[in-house]
Amino acid sequence: MIQILGVLLCVFWGVSCEIVKTTKASESQVVDKVYPLLDTKHSRWFYFSSASRPFGMVNLSPDTETDGAWGSGYRYNTDTVKGFSHVHAWQLAGPSIMPINPDLIEPGRLFRDYYSGFSHETEEIFPGYHQLFLDRFQIKAELTSTKRVGFHRYTSAENIAILFNLNGQLGPSYMNKGVLKRSGKSDLFIGEVTNQPTFRRPKPSTVFFAVKFNRSVERIEQDPASGNYVVYFKKVKSQPLLVKLAISYTSVENAEINLKEELAGWNFDQVVKASRKEWNGLLSRIEIEGGSTEQQQRFYTDLWHALLGRRVISDVNGAYPDNTGDDFRVGQLPVNEKGMPLFNHYNSDSFWGAQWTINTLWGLVYPDIMEEFAHSLMQYYKDGGLIPRGPSGGNYTYVMTGASSNPFIISAIQKGIIKEDLDSIYLALKKNQMPGGVMEKAGYEHDTSYGGGLSHYIENGYVPYPLSDIIYGSHQDGTSQTLEYAYQDWALAQLAEKLDHAEDAQYFISRSSNYVNVFDTISGWMRPKNKEGEWKEDFDPYLLENGFIEANGAQNTWFVPHDVSGLSALMGGDEAASEKLNRAFTEAEKLGFTAGSSHDKETYPEYSRIPINYGNQPSIHTAYLFNYLDKPWLTQYWSRRVVMEVYEGVSPQNGYNGDEDQGLMGSLAVLMKMGLFSMKGGCSLEPQLEIGSPVFDKIVIHLHPGYYPGKTFTIETKNNSEKNYFIQSGSLNGAEVNFYMIPQQTITDGGTLVLQMDSVPNKNWGLKQ
């Protein structure tokens, strides 16, 4: 069972993590290789969070845009700061404060004219810290945090006041009911602000906060028009203004407890140091050698993103917001003998696509994190009767489709990460995929359960498109839904077999073949089919959506990860399937394997017709299909080409060329660069990892001693280069390896995999056995 808070994400076992400012003495620290500005031109509200701990409840950073979930937060190409917000989460925002010099603002305009320009040239950012200079007010602003407390240091020779922006649009939410007031304690101020419901999050969510200053407060002024506040201080010469702001989703009292427990003192530099140490500990679980300096920077930046986006919502004492029922309540997580919670509770975007990303990375390198998230997902089930696929503010959002969290939990069980209460967990997973479960609902379908088309899927073997003249929810795209459900049915069947539920296993295995019902043998593509069983007329496999979720038919045709041999047979055999897929990659390479440089460009005609898109989840597994089609050298070739084109380089102007979605693409990039993948998402009875083309000369995975018997698993490549990406031969612990697949348990037992590389393929290596 998971231990007390802080142990999970803190010190890397047996390795010194002493961190100082970036100097020659700290060049060996992997945290210094992170490039936080990656792709910040295309930031969305929850994408960027600089002064944050791993999965922190507080995700403190500057906001240069504040309107909407998309195009908001820290956007690199906007040079104006509008505030420093404490929450950048899936469908949630939090208290925003802005240091100002009120003497420089025209009287009467204080609450409308407080923005300030800044320059990237005077900016410094690394994980857990952000510093910039507010040119207008001549204030040096520095930010850091603990898990639940934001810590600010503002330095200026002039007057400083703090504006609290608690009402109005902030990222995805319209904020109102904002309050700031003195508490009964002379040095403590308390408040709250409510995120009003959104299209995606149907209920309001309140953020409570407790704040302290290192200066005496002279007065608080509230604007009657906006309802926002300015705090004025007694003037103090040559002393930075320090602000500590703790948050809670349950109560002001718990916000105060979070503040007291996590940040009792005022040593700003010490908190920065502790944050860097925590980040370095997690990032150091993977060590790499070789490659260029930029490639190493990008690798650790990708790994940073894999641990950044999803957020804690429980307090230090285990209190958490439960919004799954008709009325809001404060829940309590289970605690150990010392009264400390056994795990954290989380806010999270969808697990849609997690089977090829965090399932594998967390399950191998961060099993402690995977266990926490699995317990958190099950807590939602205990409260509301469903395992969520993307919870926000303690509530279901029904983001995307299917039961995408199920394979995540199943994978954790199959890998031995979750070992207790397996039968009760299985029943919860089964409910999710049956009538009355989350699979019934299409995207954000809050009040009905028709958009998922599950009854038609069960009775007729596919979800029709169109399902109905009525739009019940987003992503009502029956062909994609059919493919997604079929994979998830297969995954659940594996767990049913493990737990000796033979009848269930047979039932879900039968459902997992439903993908066959939407494959058109004449056109050779997955194709939408209406309720009458008629194929969609004038079908264009390159037309975006129209039966496919964030994809076109050419991309989604390959979404049969659990039965590649069955898909291959439908296409005429391995040779025909590999030729078809190879042509798709050849065409996709002309557009850089992505539909434009950002998610919002996928709909553009010049990008949307791409046959493979590594900027979004539906086809990110395709390079590894060649392994299963008996052409592993093409997996090596195309996976390396994708990495070089899509997931290399460090720049604010590009990075993921699509939808990073809270660590999914960061995780994928890390796995591809390590040359490891899991087509079936780790849900097999005996989970396997597949070999691709590692980028680095040496990769050392430090295995978690609380979960795995091995100390390290090392991947070494010989004669590796940008052109030498084909495997010639391999050995594992000295024994010859001539297959592309390695059991997860073999890796977690520890050892060394050595791969000999060259510029020409060895077409006899790695073939089916």
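The following legends describe views of a predicted model.

Residues are numbered from 1 along each chain as its sequence is written, and side-chain values rest on heavy atoms, without hydrogens and water. In this predicted model, local features need pLDDT of at least 70 and side-chain atom pairs count only at pLDDT 80 or more, whereas totals for chains, interfaces and linings use all residues.

**View 1. Overall dimensions of the protein.** The protein contains 18 helices and 35 strands (DSSP runs, H or I of at least four residues and E of at least two, numbered from the N terminus). Its C-alpha atoms fill a box of roughly 80 × 60 × 55 Å along the principal axes. Of the 769 residues, 65% count as buried (under 20% relative accessible area; exposed is over 50%, partly exposed in between; 1.4 Å probe, protein chains only).

View 2. Asp538 is exposed, because its relative accessible area is 76%.

View 3. Arg200 occupies the loop between strand E16 (189-195) and strand E17 (205-213). Arg200 is classed as partly exposed because its relative accessible area is 26%. Between Arg200 and Leu242 there are 36 Å in space, C-alpha to C-alpha, and the two are 42 residues apart in sequence.
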